[in-house]
Amino acid sequence: MTASIAQAPTALDDAIIRNAEATLETVGRAREAIHTVIFGQEDVVDLTLITLLAGGHGLLVGVPGLAKTKLVETLGTVLGLDARRIQFTPDLMPSDILGSEILDEGADRRRSFRFVKGPVFAQLLMADEINRASPRTQSALLQAMQEHHVSVGGERHDLPQPFHVLATQNPIEQEGTYPLPEAQLDRFLLEIDVGYPTREAERRILIETTGADEHKPQAVMNAEALMNAQRLVRRLPVGESVVEAILDLVRSARPEGNGIEGVTDRILWGPGPRASQALMLAVRARALIEGRVAPSIADVVALAEPVLKHRMALTFSARADGETIKSIVGRLTSRLAG
């Protein structure tokens, strides 16, 4: 086991290991159940599970028809969560998401306001094509995603636990869309690219999804089991070398970074401390689903792009030269891998 920053007692280490073994077995069965429905997207499934195990929200980016919606629906079933879906459109209003107060009249003719909860009151919320709603409606999710409660009519309403948002976004068709503001993008733990399946995976899709029988996913976990796994993730020890790698990576991705030639001068703005926190949690979750009780620098390298790419922007000259955030992150992580 990698040494932790603050060395824990042996009894605590043993408890973590026992809990990790039980959680790993459960998460492994959940992955298998998801893959009986979602084919050829192993990396996407793993990154989404990492997002949920780390207690965060995920942004799924891909062209239509790549099973993004199906993935979220399947996760809700397999993880035993109360899942709901919102189709974002330009005319969607904040009250359509959060809920609204209505005036009731009782049997005694007395009137009072009653709050009717919106679809945001779910354990797993799918925000489909989130960039199609107006900024006013998009901002309705900001408080919910960060604070896990909403305010309507001056009253606080707590959301169910756990609470996760998995949003989808089409990267091609931008007409009639509203780009997500940086403050909201920063609330997503990972940005997950959903690519095309391999030929063999697409062959399986053709055979298994166009017949008379459709395979239905089975519940493997429940909300309490997921929250137990999330608590475990936060208890996993992290080595000093991994902490330093996270700090080096995030701080070097800022304009006033460590002066890496040909890199920092091409960054317009970079990630804040929330990116470091996201990496700290995500590398622990990745270690757990891979059967380890402590993360390594390889985990930091593997998760650098999905954690950083929606938290950075390049200068105009860099974009004019054909530079991409992916290539910049690749240069930064190559220093860690070396």
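Glycine 58 has leucine 166, in strand 8, as its bridge partner. That contact belongs to a set of 4 bridges joining strand 1 (residues 58-61) to strand 8, and the two run parallel. For bookkeeping, helices (H or I, at least four residues) and strands (E, at least two) are DSSP runs, numbered from the N terminus, and two strands pair if DSSP finds at least two bridges between them. Keep in mind that this is a predicted model, where local features need pLDDT of at least 70 and side-chain atom pairs count only at pLDDT 80 or more, while totals for chains, interfaces and linings use all residues. Residues are numbered from 1 along each chain as its sequence is written, and side-chain values use heavy atoms, with hydrogens and water left out.

Contact here means heavy atoms within 4.5 Å; axes are lines fitted to C-alpha atoms, for helices over the stretch in contact, and angles run from 0 to 180 degrees between N-to-C directions.

Alanine 127 shows up in both pairings: it is the bridge partner of isoleucine 86, and it stands opposite alanine 167 in strand 8. How much of strand 5 is buried? The count is 5 of its 5 residues, where buried means under 20% relative accessible area, exposed over 50%, and partly exposed in between (1.4 Å probe, protein chains only). In a regular strand the side chains alternate between the two faces of the sheet. Here Leu124, Met126 and Asp128 point one way, with Leu125 and Ala127 pointing the other.

Next comes helix 6 (residues 140-147), where Ala140, Leu141, Ala144 and Met145 are buried. Seen down the helix axis, these buried residues fall within an arc of 105°, so they line one face of helix 6; the arc is that of the directions from the helix axis to the C-beta atoms. Their packing partners include strand 5 (124-128), strand 8 (164-169) and helix 7 (182-185).

What about the cores? A nonpolar core is a set of buried Ala, Val, Leu, Ile, Met, Phe, Trp, Tyr and Cys residues joined through side-chain atoms within 4.5 Å. The largest has 73 residues, and Leu75, Leu279 and Leu308 touch the most other members. Helix 11 (residues 273-289) gives this core its largest share, 9 residues. Apart from it lies another core, of 27 residues, among them Leu98, Ala144, Ala167 and Leu185.

Finally, the rings: the whole structure has 1 aromatic pair. Rings of Phe, Tyr and Trp (its six-membered ring) pair if their centres lie within 6.5 Å; planes under 30 degrees apart count as stacked, over 60 as edge-to-face and the rest as tilted.
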